[in-house]
Every structure is written in C-alpha cells, then in structure tokens.
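Dear colleague,

I am handing over the structure below, and after it I describe what was found. Please look through it before reading on.

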Amino acid sequence: MDPDITTLAADCKIVTGPLVKLMLEKGFGFVAKCPDNFGKKVRSKIVESVRTGTMDPSLVRDGWELYDTDAEVEGKMLRFVAFRTTDDISAGIEYLRDQGLKEAGSRFSRFESRTYNCDVDARRALDEALYCHVDSAYDVIWSIDEVEVSVGYGHCGRPRKDEKPITKTEYKVNVELVFNEERAKALSQGRGVRVLITNLPRSNADEENIRFGATADTVLMTYLGQYRVGAPVRDGTNNLMRWWIGIDIHRPITLIPEGNPRGSAACV
C-alpha cells in the first residue's frame, strides 16, 4: 500500500509512543482512540479543556459536540478531536444516579445505628465522610441531634417499684441524600467525553483524499467507520471468517486507501 494515501483507523491499540513515531516516519495517516496513559496523560488535559471551555456542534449528527485542538507529545504536534454525544450525557446521568447512590449509601450508612458521646466526635466523623464525598451528584443534608440513651438501672436484679432507668445524652448524625440533576449533568460533561488522536491535517472542508485535509466531523466519522468495516469479521457473519482462524479478529484495523472514509476499505 502507498502510505501517502492510506489512513489507518483503529481503537487505541495503535496509539503507543513507538507505533505513532513509526507511522509518522513511514508517512501513514491515522485516526484512533487516545488511551488514558498516552503522552503523559495528554487525554486528561484535553478532557479538562473541554470541561472548562466550549464545544462546537457537529454538522453531521444532531446533538453531538466536537472540540478540535492540537497538543505536543514527545516533541511532535498532534491533532486531537474530542467528542460527546447526547447518549453519553444521558448515560452518565443515569450512572451517577445509580452508582452514586450506592457509593454514598455505603459511605454514610454507618451513621444509621451509631451514636457519639459528644457533638465534637459526631462532627469529626461526619467531616471525614464528607471529605470523601467528591464528584458525587448527591447533595448531603445533615444534622446532629441529641438523643437520650438508656444505660440500665445501675444495679443487678429487678428494678424497684417506680424506678426509672438511667439515661445519658448522646449525639446522632442524621443524613439525607438528594440527587442533584444539574450537578449530574455537569459531571457527565467530562465523563462522557471521548478523545481521538490523528495526524490528518485540519481543514474547513475535506480534501479529495483526507490525508491532505479533513474536518473534525470527518475525523470522527473515519473512526466510527472502522466498526462498520470490521463488524462482519468480528461477528462471523461473513465467509471471510474462515480466513481469519488464528488471527486476532476481535479488534481489527481498518485501512482507508483514499477519498471518502465511507468508501472502499479493507480490514486487517
């Protein structure tokens, strides 16, 4: 194949320092998902930029958003396209609703049956739990109340007539968890962001061969297009399956030889 007109599209398996360097040296174009640990965690920096900035609406998918930027990795400037879908945000909110309740419930459940000798001890225990309650969509409404606790009669045997048990004042932490929909949506803005890495030149309009210029939308569609090409091989719904025995067919790499990424392609 001719590297000058060929683009490799894959998940994060081709994004390692040595492989990226090799693809650049050989002149291949590539589009792939950026793993968390690549380039001193450059992905985290991109996601943080998205959370504190704004994204542009996608021109090919309603409700999708894109963020197109450059970042230096090991002395090379590479292009990163972050994207977020409406489904990502909805799924993030539901995740925070369900999983957040489990985590918060586990964190504060100890207060249900425990009392403290003084309000200082109760507040210290509550502060420790609140300190760990970060990045949660649940607001914590709390109070520390006095409760009278019976400690018995102070002697053995049956109590005397009209004798009342001895009581002492202890302190109980009461906690109510309230789901905050707006905070869940804000937290999902970062959780739902996926980041692609590519060396396709940025362009306001696609060139005839995307190796020489591609919009952010086209970078995204190129990445998503690999799944359509690889699906028959992964699913075994194609006669080509017999040729792939002994080969890792679960996560193929798509080769896009030229032109429109939705055009002809091959899977290896």
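Which unit do strand 1, helix 1 and strand 2 make? Strand 1, helix 1 (residues 17-26) and strand 2 make a right-handed β-α-β unit, where right-handed says that, with the strands pointing away from the viewer, the path from the first strand over the helix to the second runs clockwise. Helices (H or I, at least four residues) and strands (E, at least two) are DSSP runs numbered from the N terminus.

Please note that this is a predicted model, in which local features need pLDDT of at least 70 and side-chain atom pairs count only at pLDDT 80 or more, while totals for chains, interfaces and linings use all residues. Residues are numbered from 1 along each chain as its sequence is written, and side-chain values use heavy atoms, with hydrogens and water left out.

Strand 1 (residues 7-10) pairs with strand 2 (residues 29-33) in the parallel sense over 4 bridges, pairing being counted if DSSP finds at least two bridges between two strands, and Leu-8 has Phe-30 of strand 2 as its bridge partner. Both faces of strand 1 are covered, with Thr-7 and Ala-9 buried on one side and Leu-8 and Ala-10 buried on the other; buried means under 20% relative accessible area, exposed over 50%, and partly exposed in between (1.4 Å probe, protein chains only).

In helix 2 (residues 42-52), the buried residues include Val-42, Ile-46 and Val-50. Seen down the axis of helix 2, its buried residues fall within an arc of 140°, so they line one face of the helix, the arc being that of the directions from the helix axis to the C-beta atoms. Lys-45 and Thr-52 are exposed on the face turned away from the buried side of helix 2.

For the protein chain as a whole, there are 6 helices and 11 strands, and 40% of its 268 residues count as buried.

Best regards
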